Amino acid sequence: MAIATSIDRDAALAEIRAGLRRGQQELADWAGGRLAVSAVPGSGKSTGMAAAAAIAIARHQLHLNRQLVLVTFTRSAAANLKAKVRGHLKALGLPQTSFTVSTLHGLALNIATRNPELSNLNLEAFTLVSPAQNNRILRTCVEQWIVANPDRYHRLIEGRQFDGEETEQLRRQSVLRTEVLPSLAHTVIREAKSSGLLPADLLDLAQTVNHNLPGEVEDYGLLTIAAGLYDRYQTLLLQRGWIDYDDMILGALRTLADPDSRRFWQGRTFAVFEDEAQDSSPLQTRLLTLLAANPDDPTGEPNLVRVGDPNQAINSTFTPADPVFFNQFCDACRPSGRLVTMDQAGRSTGAIMTAANRLLAWVNQSQVAGPETPFRDQAIAAVPPDDPQPGANPDPLGAGVEIVSPPTTLETVKLIAQRVRDLYAEHPKTSFAILVREGRQGRFAGDLLRDPEQVGVDLAALGLTFYDVGEQDRQTQVPSDMLTLLRFIERPHSADTLKAALRVLVDRKQVPTQDLNALAKAPEQFLYPGPLDAPPDTEAARTARRYCTGLLRSRLELPPYSLFFFIGLTLGYNQSELATTDKLAVRVSQQIRQDDTLAAAIAVLQDIVSSERFTAVETEDTDSLYTRPGQLTLITMHKAKGLDWDVVFLPFLHDKTIPGTLWVPPQGEFLGDFTLAEVARAQIRAYAHTSDQLGQSQGQPAIPDIITAWEQAKHLKAAEEYRLLYVAMTRAKRLLWMSAAQLAPFTWSKPENVQGANPCPALPVLQGLMG
């Protein structure tokens, strides 16, 4: 009977492997050591990883005390991967306890909290800091740094030149305190911490920067300032008993630094399989490499399989992830034959793959994103005719790729609506998506598509569902909006609360974009100017004053419960947002029944926002909701990663958007033609790029000066924008529709103000491909 079971299992394993494509089979054939898998979009990474995991579990007879550890980027991806592995193990008759699936931070927290005496992390003493709490800590550490470093702060106020005028000094102080230094602190702390740098290490790096710069260029001792902010942030976290996500990784590394603990965890871990490896930071990679090592041969090859696509790395300009790190791992594995290129993809029709490959080749060859190549040189290939997975490389709808140049952005949305109508009439089971680069573009398109008179098509009357992901996301901002405006109503003479309220009004498009620092530097003069005051007197400033004074009057006339609805109307909320506002007001009112005051309402709101314990009305977050057949989904390019649709529309592809340029806010130009945060990011990455997988520096890193670092930051931005376009294009299965209107908004905060606009440089190249 045992022999029959063995034969059945062998047959089941062979069946699993036979259902895989060539690259997936190479992953499934892994037998130990390092393996890099560079996979193109639509190649079935998770399918291959799940099969490889089940085969490894069967081949090596893994169990509860000797497990395969699977790590992925998000909780939803972890759940999806776990379900696939469980399905295979059930067919194989193998125990479900032979593997674990988690996010990287979940894995780190498990290791750290199991050994609190080593990690210095105890969940009874420490709490994960929320985004709102983190923002307050950053503001506090900025204020403390300013007090402790008056000379450096004064040097920042002086900037490139300064005549000592008091009003300008107040404006610069506001910009530094509320924008420049908090942004610098946020960027530096994440970059440095995720690279394994402590504040003292950052201070050492500061000594290696060239400060002899030409002309009026001043670097202000940038990394020294950054180290000071970072040090105060760490102190404040410790004082409050809070940890951030990087502290989880650091705590796990401290645990594994102990020989006995390291042997225990390595002994339980047969191997580590990592998905979405292009999004890992150096610190995370160090943890996985250490965990995957053989306890009996620490210097030998770790059982580490890393699967990812460096060409889909689209988070490096706002997270510490950088495709350089996964590319380095791939290149290190290549000489020993441990690099698999999973290049066969069944998602898209041929024309779409050809367009994506052309974009990749052109960007690398033309150096439009600087001297470094943004893309790994791997083309997407169609699967063979006998592909074991059904429905691969579907037939195109129309030509497969359509590129148009409408006269205006309004006409662009009209064309999309008409194309959807025509395709839906012939193919009612088709899934559609509009992918936009930023939320304001989505709001513009969404408002038009909900108005049949504007676009000439009634989507609802067709029976087609329209799902605006951004609209749902905006509802989750309601508690934060309310808190910001109620704080202003309570403390109108605070420059900080006034500026924050004005920012919300601008974001909600109730007040025109303008220099908010000029309005907020003297709140009383702005709100209620006297005969001798001279506040800004533009139409935009008068609009802002009217909204602000209206909010202040409401406090005298309305109880806290009614204030919520009034603020919602003031911000121009739609019906769903107003429903969410009403839900929020009811909850707050219930909690302040015994103390119905504005201060009590603010305290309850503060708790809600800090703990993020509030769900918007009718908000869902499942990926399947975004990709339903018979639905048009409006979503940003970033959120679309990992999803696909039959038809994808990419409107508004102008050169100001992709690749765009790194923007220096006008209010910060007194410091120079750069932003401190982006310069510091580039300087820290120069260090990180020279460290190996275990964080050991491979020689003295050359830290670029402020001019060189700014140029590198611009290249990083352009490279990521082209990778983002590549990701967006490869979401399409049967039709990819791309456009750049001849007239487009100068800024998407004012979409009605249009001017002549140039297309993204890649569009003419792709049009040439189509003939």
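Accessible areas here come from the Shrake-Rupley method with a 1.4 Å probe.

**View 1. The whole protein chain, as a predicted model.** The protein chain exposes about 32600 Å², and carbon and sulfur atoms supply 51% of that. Buried residues account for 54% of the 771 residues. On the secondary-structure side, you get 34 helices and 16 strands. The C-alpha trace spans about 95 × 65 × 65 Å along its principal axes. How does the radius of gyration fit with a compact globule? For 771 residues the globule value would be near 28 Å, and the protein chain has 28 Å, so the two agree.

**View 2. Contacts and charges across the protein chain.** Take the contacts between residues at least 6 apart in sequence: 80% of them join residues at least 24 apart. As for charge, there are 75 positive and 87 negative ones, and their mean positions sit 3 Å apart.

**View 3. The largest nonpolar core, around Leu 181 and Leu 202.** This core has 53 residues, and Leu 181 and Leu 202 are the ones touching the most other members. At least two residues each come from helix 7, helix 8, helix 9 (166-194), helix 10 (199-206), helix 11 (222-240), helix 32 (676-688) and helix 33 (706-729). Which helix gives the most? That's helix 11, with ten residues.

**View 4. Zooming in on Leu 181.** Skip the neighbours within four places in sequence, and Leu 181 is in contact with Val 142, Trp 145, Ile 146, Leu 156, Leu 176, Ile 225 and Leu 229. Elsewhere there's a second, separate core of 49 residues, with Ile 403, Ala 433, Leu 725 and Met 738 among them.

**View 5. Asn 149, in the loop between helix 7 (131-148) and helix 8 (150-158).** Is Asn 149 buried or partly exposed? Its relative accessible area is 23%, and since buried means under 20% and exposed over 50%, Asn 149 counts as partly exposed. Go 125 residues away in sequence and you reach Glu 274, which lies 44 Å from Asn 149, C-alpha to C-alpha.

**View 6. Leu 571, in the loop between helix 27 (560-570) and helix 28 (575-591).** Leu 571 has 0% relative accessibility, so it counts as buried. What is Leu 571 in contact with, leaving aside neighbours within four places in sequence? The list is Asp 481, Leu 485, Val 504, Leu 505, Arg 508 and Gln 510. Thr 408 is 163 residues from Leu 571 along the chain, and their C-alpha atoms are separated by 28 Å.

Key:
Residues are numbered from 1 along each chain as its sequence is written. This is a predicted model: local features need pLDDT of at least 70, side-chain atom pairs count only at pLDDT 80 or more; totals for chains, interfaces and linings use all residues. Side-chain values use heavy atoms; hydrogens and water are left out. Helices (H or I, at least four residues) and strands (E, at least two) are DSSP runs, numbered from the N terminus. The radius of gyration is taken over C-alpha atoms; the globule rule is 2.2 Å times the number of residues to the power 0.38. Buried means under 20% relative accessible area, exposed over 50%, partly exposed in between (1.4 Å probe, protein chains only). Contact means heavy atoms within 4.5 Å. Lys and Arg count as positive and Asp and Glu as negative; His and the chain ends are not counted. The place of a charge is taken as NZ of Lys, CZ of Arg, CG of Asp or CD of Glu. A nonpolar core is a set of buried Ala, Val, Leu, Ile, Met, Phe, Trp, Tyr and Cys residues joined through side-chain atoms within 4.5 Å.
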